[in-house]
Amino acid sequence: MTDRAPHLLVLSGWAGVVETALSLGFDVSFIGNTADFSPRDMEVLDRCRFVAPIPAEQVVACLSAARRFDAAHRLDATVSFGEFGLESCAVIADALGIPGLPLESVAVTRYKDRMREILADHPELALGWARVAGAGDLEKFHARHGLPLIVKPVAGSGSVGVRQVTTPEELRALLEDAPFWLKGPYLAEEFIEGDELFSVETVTLGGRHAVAGVSLCRLAAHPNPAITEVCVPPPAPHDRHIPALARTVLTFLDVIGHTWGLTHTELKIARDGRPVIIESQTRMGGYRLFKMVEHAGGVDEIATALRSLLPGGRDVTSPHLPPTHAIGMVVSLIPPAKRIRRTADPELLRAIDGVDDFEIDIRPGEVPLPVAANTKRPGLIWLHVPDEAAAEATKQEISRTYWVEFEDGDVWHPSF
């Protein structure tokens, strides 16, 4: 037997995953779209054995590339921690018989009707739902469950294509929206009201689940489903829900048969106090939640999962609900949709105590687009602070430091 580094296939994501895998001693190959990669990212990919710059959501093309890689130099495992490579990763792992994302749990979480059908046999996890192919099906669902309700695409994740229906007028408008129904079928669900959403991030190794972190996500007012702030861990009094949220997610992962990898599960608290699963994916959460989890409780989700794939990785474990010693947070900048004359220099934010990083795409001469989903927003600022008082102080300093002046003379400062 030759002594060689384990050959890991990384699908999609960013170069940081590849860099972490290389630092742990893996021989890495990569499949994914590299169009937006920086020169620094491409330097990281230059250290890979093989690179196929094809979209990771193209399952058949990815499987074909993986077979070529495997024939040239045997693959030992495959991973995907981002949105687009999940299905390809599971199919490749199953086809090649190597460790990777479990095919069944990926299928259940990607296709929401399957997930709801499985959960219907578990009353503590169940939610009223139906597959709706047209306006008539939605009318029948409404007759059974009333308002409010939510309609979402059957496959995929995120808030794109999701419609909240809280009034008879909104229901009528959706029923009469012929272009919308051409893109179906959809999933109709009972809508759990409230502007607070929780997420639970888990690491599963060898079928054992551990909660790495819990967050509170604040939502914009209806009808906009976008998240405006994420905080790990949830501040008081919301932290009282953590034990019940953790129990619900661990039960859910057992029910869907998840055996390895990271999961990101979103939940709301129903009127009866029961945590209700809104969505789950076999990946890390967006908004760099993995970094917020690491700031708060010290768990490096990516490195932990990768270490478990190394020789001797069966002994790798992850702490369950680790004590938190800091706060990880991200806040959104959502200015009014008016033409911009000038802005404060974003680099001024780096001098504010508690600001960890930022991404701001607010430019003079442009009109910020309204935020209608969680896929794109004008600005995000990440915080790493010791406690809630420090978080509030940092947010106030951000509000004083950053501003946007519009062509009409109005000046906007963010408020949180």
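User: Hey, which residue stands opposite Cys217 in S11?
Analyst: Val230 does. Keep in mind this is a predicted model, where local features need pLDDT of at least 70, side-chain atom pairs count only at pLDDT 80 or more, and totals for chains, interfaces and linings use all residues. Residues are numbered from 1 along each chain as its sequence is written, and side-chain values use heavy atoms, with hydrogens and water left out.

User: How many bridges join S10 to S11?
Analyst: Four, between strand S10 (residues 208-219) and strand S11 (residues 227-232), and the two run antiparallel. Strands here are DSSP runs of E with at least two residues, helices are runs of H or I with at least four, and both are numbered from the N terminus. Two strands pair if DSSP finds at least two bridges between them.

User: What order do the strands of the open sheet come in?
Analyst: There are eight, in the order S13-S12-S9-S10-S11-S14-S17-S16, with antiparallel pairing. Strand S13 (275-281) and strand S16 (355-360) are the edges, each pairing on one side only.

User: Switching topic: is Pro322 buried or exposed?
Analyst: Buried, with a relative accessible area of 13%. Buried means under 20%, exposed over 50% and partly exposed in between, using a 1.4 Å probe and protein chains only.

User: Where is Pro322 found?
Analyst: Look in the loop between helix H12 (301-307) and strand S14 (327-333).

User: And what does Pro322 touch?
Analyst: Leaving out residues up to four places away in sequence, Pro322 touches Val211, Ala212, Gly297 and Val299. Contact means heavy atoms within 4.5 Å.
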